[in-house]
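Please keep the sequence and the structure in view while reading.

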Amino acid sequence: MATMVDVARRAGVSVATVSHVLNETRPVRPDTRKAVLDAIDDLGYIPNTLARSLVTARTRSIGLAVSAISNPYFTEILQGVESSALEQGYGLLIADPHDDPEHERKAVRLLHERRVDGVIVAPSAEPAGLLEYLAGRKVPAVFLDRLVGDAHDQVCAENTRPVEQLVQHLAGLGHTRIGLVAGLPGLSTTTERIAGYRAGLERHGLPFRPGLLAEGHSEARGAEDAVHRLLASTEPPTAIITANNAMTIGALRALRTAGLGVPDDLALVCFDDFSWADVFSPGLTAISQPGREVGATAVRLLLDRLENPGRPPRTVRLPCTFVHRTSCGCVAEAPDRPLDRPLPGTPGIPGLAGLAGKDPVS
């Protein structure tokens with residue numbers, strides 16, 4: 001097995017120079033650095049990461065704590081974190097906090113005990129214990145998807161404006177009773193998406209009706225129950241917005257159980273696109289979040305925090321994309337469009353008369 005001495009001999013430099021290249025403890029001329037890296041590749045030298053961490057006080061590893069890794073959106077985030085971390089020479093340790101405050105704190109503590117250089121966390125709806133742990137031990141951290149206040153580094157997709165524009169799209173099609181299946185109470189994503197829903201109604205002069213807002217708790221089963229409650233109301237919606245992809249699945253199950261077709265009986269649009277959304281018939285009109293970019297940005301924020309621990313905290317919001325398919329009740333247009341442009345709207349949706357108690361659709 002090749003040693004550092006072998007690398008130094010092959011590159012024609014000192015062992016100390018090889019160490020500086022590997023540990024980034026001193027600037028090295030580009031040609032010298034290249035000679036060392038080429039020698040490492042030629043010899044198949046594997047650095048001793050444990051010894052390196054003793055020199056640098058870093059393990060070059062990042063802890064990632066996100067719930068519901070099976071959720072396609074968090075899978076995209078994971079891919080963004082992993083690829084960006086690997087590109088920067090960092091390994092990744094992953095834990096699932098299960099959206100439970102107590103489990104969340106334990107998961108992050110276990111990551112910290114494994115000497116990760118910092119953590120990236122999608123916090124629960126009650127992150128007080130987590131924040132206390134991180135602050136008390138001065139653990140570098142970045143929060144993603146869900147915000148916890150301006151005192152922390154964090155990154156998420158836009159939430160309010162995209163939902164407002166979903167309402168705009170449905171209202172432009174003539175809907176006056178638009179329901180929302182909202183996520184888990186206490187999450188910033190839930191609060192912001194409800195705010196977007198209400199802003200969209202107000203913009204179009206539509207009243208906010210509490211009976212058209214139902215909690216789906218960010219999961220399929222919760223959304224299924226929520227849609228059944230909406231349909232059982234005295235004035236059921238003629239269109240529904242689901243606030244994440246898991247709840248979209250639950251909403252579709254509920255509509256199938258009720259014998260209602262999309263979009264002939266009820267229009268359905270969703271916040272959160274996923275790779276098979278265009279396989280459904282009809283294809284799902286959706287808001288697509290930049291999951292991979294959210295993950296990659298979280299890594300950049302964390303590494304910048306490690307290099308500049310005294311800098312002010314930053315909040316980064318990334319734009320979403322409107323993906324126009326046919327579940328909204330109109331013919332799909334061009335593929336995707338950023339949400340800084342007006343959304344399409346086509347008056348009249350054939351078949352909506354199948355839902356009893358609806359308002360007229362012009």
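## A buried arginine and its surroundings

Arginine 311 has a relative accessibility of 14%, and it counts as buried because this value is under the 20% cut-off. The model in which this residue is seen is a predicted one. Arginine 311 belongs to the loop that runs between helix 12 and strand 11. Apart from residues up to four places away in sequence, arginine 311 touches Asp153, Leu301, Asp304 and Arg305.

| Partner of arginine 311 | Part of the partner | Distance |
|---|---|---|
| Aspartate 153 | side chain (polar contact) | 3.0 Å |

In soluble globular proteins, nonpolar side chains tend to be buried together. The largest nonpolar core of this model comprises 48 residues, and Ile120 and Leu144 have the most contacts inside it. Helix 12, which spans residues 291-307, gives the most to this core, contributing 7 residues. Which residues are in contact with leucine 144, leaving aside its neighbours within four places in sequence? They are Val66, Phe74, Ile77, Ile120, Val121, Ala122, Pro123, Val155, Val294 and Ala298. There is also a second, separate core of 22 residues, and Ala223, Leu231, Ala243 and Ala254 are among its members.

**Helix 9**

Helix 9 is made up of 16 residues, 188-203. From its first C-alpha to its last it reaches 22 Å, close to the expected 22 Å at 1.5 Å a residue. The buried residues of helix 9 are Ser188, Thr189, Thr190, Glu192, Arg193, Gly196, Tyr197, Gly200 and Leu201. After helix 9 comes glycine 205, which has a positive phi, near 70°.

**The chain as a whole**

How many helices and strands does the protein chain have? There are 12 helices and 13 strands. The chain has 362 residues, and 50% of them count as buried. Among contacts with a separation of 6 or more, 69% are between residues 24 or more positions apart. The accessible surface of the chain is about 16500 Å², and carbon and sulfur atoms account for 53% of this area.

Methods
Residues are numbered from 1 along each chain as its sequence is written. This is a predicted model: local features need pLDDT of at least 70, side-chain atom pairs count only at pLDDT 80 or more; totals for chains, interfaces and linings use all residues. Side-chain values use heavy atoms; hydrogens and water are left out. Helices (H or I, at least four residues) and strands (E, at least two) are DSSP runs, numbered from the N terminus. Buried means under 20% relative accessible area, exposed over 50%, partly exposed in between (1.4 Å probe, protein chains only). Contact means heavy atoms within 4.5 Å. Accessible areas come from the Shrake-Rupley method with a 1.4 Å probe; for residues, only the protein chains shown count as cover. The expected span of a helix is 1.5 Å times one less than its number of residues. A nonpolar core is a set of buried Ala, Val, Leu, Ile, Met, Phe, Trp, Tyr and Cys residues joined through side-chain atoms within 4.5 Å. A polar contact is a pair of N or O atoms within 3.5 Å; within protein, one must be able to donate a hydrogen and the other to accept it, and residues adjacent in sequence count only if both atoms are side-chain atoms.
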